[in-house]
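Biologist: I would like a close look at one part of this model, the place where the two chains meet, and at what lies behind it. Please go through it step by step.

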Amino acid sequence: MNLLAVENLGKNFGERILFEGLSFGLSQGNKVALIANNGAGKSSLMKIIAGLDSADEGDVVFRNECRVSYLQQDAIFDNNMTINKLIESAHNKISLLVSDYENAVEAHSKHNSKQTQKNLEILTSKMEQENAWDYERRSKQILSKFNIKDFNQKVGNLSGGQKKRLSLALLILENADILLLDEPTNHLDISMIEWLEKYLQQQKITLLMVTHDRYFLERVCNNIIELEGGNLYHHKGNYAYFLEKRTEREINFDVEVSKAQKLMKKELEWIKRQPKARGTKSKARIDNFE
Amino acid sequence: MDRIGGKILEMKNIKKSFGELNILNGFDYTFKKGERIGILGKNGVGKSTFLNIITGKEKADSGKINIGETINYGYFTQSSFGIDENRRVITVLKDIAEYIVMSDKRKVSASQLLEHFMFTPEMQFTEVKRLSGGEKRRLHLLTVLMKNPNFLILDEPTNDLDLLTLTKLEEFLLQYKGCLVLVSHDRFFIDKLTEHLFVFKGDGVIEDHYCTYTQYREKQIEKDKEFKKIQHLEKENSKIKAKSKKLTYNEKYEYDNILKEIAILEDEKKKLEIILLNPEIDIEKMTNSSKRLGELVTLIDSKEMRWLELDSK
C-alpha cells in the first residue's frame, strides 16, 4: 500500500536549481534512508514533504488519514511552555483522552452529580477501549529514556541537545503512521541511539530519514534513496548494499577510477571485513554477492 | 622536566570533581606515541572536562601531569568557528602552515588537504563567508589539522558532516601519525578508528578496554544476559516462596484509581443515606434518592469486586 507519493518535485534557490523532477514513493513498512552530500538539498526535501516549505514544482501526496510526524534538525518550541504542558498539548488523541478523563475525575469529586458520574463512566470505558491507562506511564517512561526528568521546567531552559531529545520523545508518543526524521541521532548519546535503533527496527512504521550514522542506517533501513547531482538512485538494501551498488555504478559509467571510488571500495572492503559489526539483515546482503 | 621519549603525556592520580559530582577519581594513564583512544560515556559524565584537563584548559584538583616538550595539541570541538570570513579559504589554511606531514613522511600541502576534503580549486579561492554551514565546519576541521598537531582531540566531530566527508576524515585519520583522542556517538566512526576505549561510567569510574566499540558492546550484552539470568533465577525462587503479587502497569493504574472512585461513591452514598433519614423528605426526592442509592450500591459492589480481584493478584 502506497502511503506517500512524491511526484516530479523541484526546488530552486534563487538561480540555483537544488533539484528537479524527483519522484519516489513510500509503501507501508518501508524504512528509507535519504543519502546526499551537504548542500544537495536533503533538509529542503524533507521540509517540503513535511509541508513546512513549498516546492517550485511537483506534488507531495499522502494517503488519506495517514498521520505524519516530522523531526526537524533543529527543534522549535514555545520557550515559555513547561514540559508537562507540552506533553499535554501534543496533538495526540490519547493524551487528550487522558486529560479529559482526569478532568472528569476531578469534576466528579467536586460536584458529584449524575452528569459528572455519567461522564466519568463514558470516559472510563473509552480509556479501556484505547488502552490508554498506561499512556502517562508510557510518556514518562519514554521521556526518562531520553533523560528528561524535570517535567516542570520550561522548554526555554533546555540545551540544544535536550530539546532534540524532547522532540524525539514527543514524536514517538505521537504514534504516527509515517515518520520523517532529519538527523535523529545528532546530540544523542550512544545508549539512546541504540534504544532508538531497536525501537525503529521493531515498530511497524513507515520511515523516511536523513542520517549519517552508518550503523543506524544499516540496522534500521531496508531501502536507500541517494540524491546526487540532481538525480535519484534507489537501492533496495542497506548501507553495505548501497556501497556495493554505488561502486558498480561508477565502474559502469566507465569513468576514470577516481579517488572517491577507491575510497568507497575501501569502505566496502572494510565493512565486509567486519561481519560482527552489522545486524542480521545485512548478512543476507553479504551472502548475496559473495 | 625530563624528556619523556615515546611518552607524550603522563597523568598520575588525577582527581577532579564539581561539588558532589565526581569526574576523575585518581586517574592514571600515559599516552604513547601514535595511540588512538575512543572515549565513551553518557552526556554529562565529564568527557569534555577530561579533555580540558588533558589540554590544560582546566586545572585538576590534584595529581600530576607531565607534558612532553614537543606536544602540539589540535582540539576540534563543537564551538563556533572564530575566523575573518572575508578571507579566502586557501589563505586561511596557508596562514597556519604550508604543508603537513603524514605518517609515511609524505608532505601534504594546504591545497592538497583542501582537495582531499572536497574543496575544488574554485572553492579554495572563494571567501569563507560564501561557504555553506557544512562547508564552514569542514574548513574549521581543516584549520585544526593544518596545525600539524601530534596530539589530536576530536570532540563529537561527526555532527553536521555528511557521509562522504566522514569517510574522507576517517581515511585521513587512519594515516595520521600522532596521538588521537576521539569523543563520538558515531559507533561506526569509533569502530573504524580505535581499538582502545576509555568508558566513563560516572562517579569518577573510568574503564579501560582494549577492543573496538562493537566488541565492547558484545561483551556488555553478554554481561547483561548473565545478570538477567541470575535475576530470573532469583525471581523464580521468590515465586515459589510466596505467590507473587504482580500487577501490570495498566492494572496498577486502574487499581490506584478504583480506590479513589470508590471513595467518591461512598461519599455520595453517605450523603444520600443522611437525606433518606430525614423524616420530612418529600416523596419525589425520596424516590430519586433511593433509586440512586440502589445504583450506588451495585456500582460500589462491582468496583470492590474488581479491586479485590486486582488486590489478590
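How many residues of chain B are in contact with chain A, and how many residues of chain A do they touch?

Modeller: This is a predicted model, in which local features need pLDDT of at least 70 and side-chain atom pairs count only at pLDDT 80 or more, while totals for chains, interfaces and linings use all residues. Residues are numbered from 1 along each chain as its sequence is written, and chains are lettered from A and ligands numbered from 1 in the order in which they are written.

On chain B, 29 residues are in contact with 29 residues of chain A (contact: C-beta atoms, placed from the backbone, within 7 Å). Four helices of chain B, α5 (133–146), α6 (163–174), α7 (187–193) and α9 (249–277), each supply at least two residues of the side that touches chain A (helices are DSSP runs of H or I with at least four residues, strands runs of E with at least two, numbered from the N terminus). The largest share of that side comes from α9(B), with seven residues. By class, the side of chain B that touches chain A holds nine nonpolar, nine polar and 11 charged residues (Ala, Val, Leu, Ile, Met, Phe, Trp, Tyr, Cys and Pro count as nonpolar, Asp, Glu, Lys and Arg as charged, and the others, Gly among them, as polar).

The largest nonpolar core has 96 residues, and those that touch the most other members are V32(A), A33(A), L34(A), A169(A), L180(A) and L182(B). Such a core is a set of buried Ala, Val, Leu, Ile, Met, Phe, Trp, Tyr and Cys residues joined through C-beta atoms within 7 Å; buried means 20 or more other C-beta atoms within 10 Å of the residue's own, exposed 12 or fewer, partly exposed in between, with C-beta atoms placed from the backbone. Helix α6 (residues 160–174) of chain A gives the most to this core, six residues. A second, separate core of 12 residues includes V89(B), A110(B), L139(B) and L142(B). Beyond its neighbours within four places in sequence, L180(A) is in contact with M46(A), I49(A), A50(A), V68(A), Y70(A), L71(A) and L208(A).

Chain B also has an open sheet of six strands with mixed pairing, in the order β5-β8-β9-β3-β10-β11 (two strands pair if DSSP finds at least two bridges between them). At its edges stand β5 (73–76) and β11 (205–209) of chain B, each with a single partner strand, so one side of each has no neighbour in the sheet. From one strand to the next the twist averages 15° (axes are lines fitted to C-alpha atoms, for helices over the stretch in contact, and angles run from 0 to 180 degrees between N-to-C directions). Helix α1 (residues 47–54) of chain B packs on the sheet, touching β3 (36–41), β8, β9 (179–183) and β10 (197–202) of chain B, and its direction makes about 160° with that of β8(B).

Within the sheet, β5(B) runs parallel to β8 (residues 151–155) of chain B, joined by four bridges, and F76(B) stands opposite L154(B). Four bridges also join the parallel pair β3(B) and β10(B), with I39(B) opposite F198(B). By contrast, β10(B) and β11(B) run antiparallel, joined by five bridges, with H209(B) as the bridge partner of L197(B). These two strands form a hairpin with two residues between them, and D203(B) in the turn has a positive phi of about 55°.

Conventions:
Contact = placed C-beta atoms within 7 Å.
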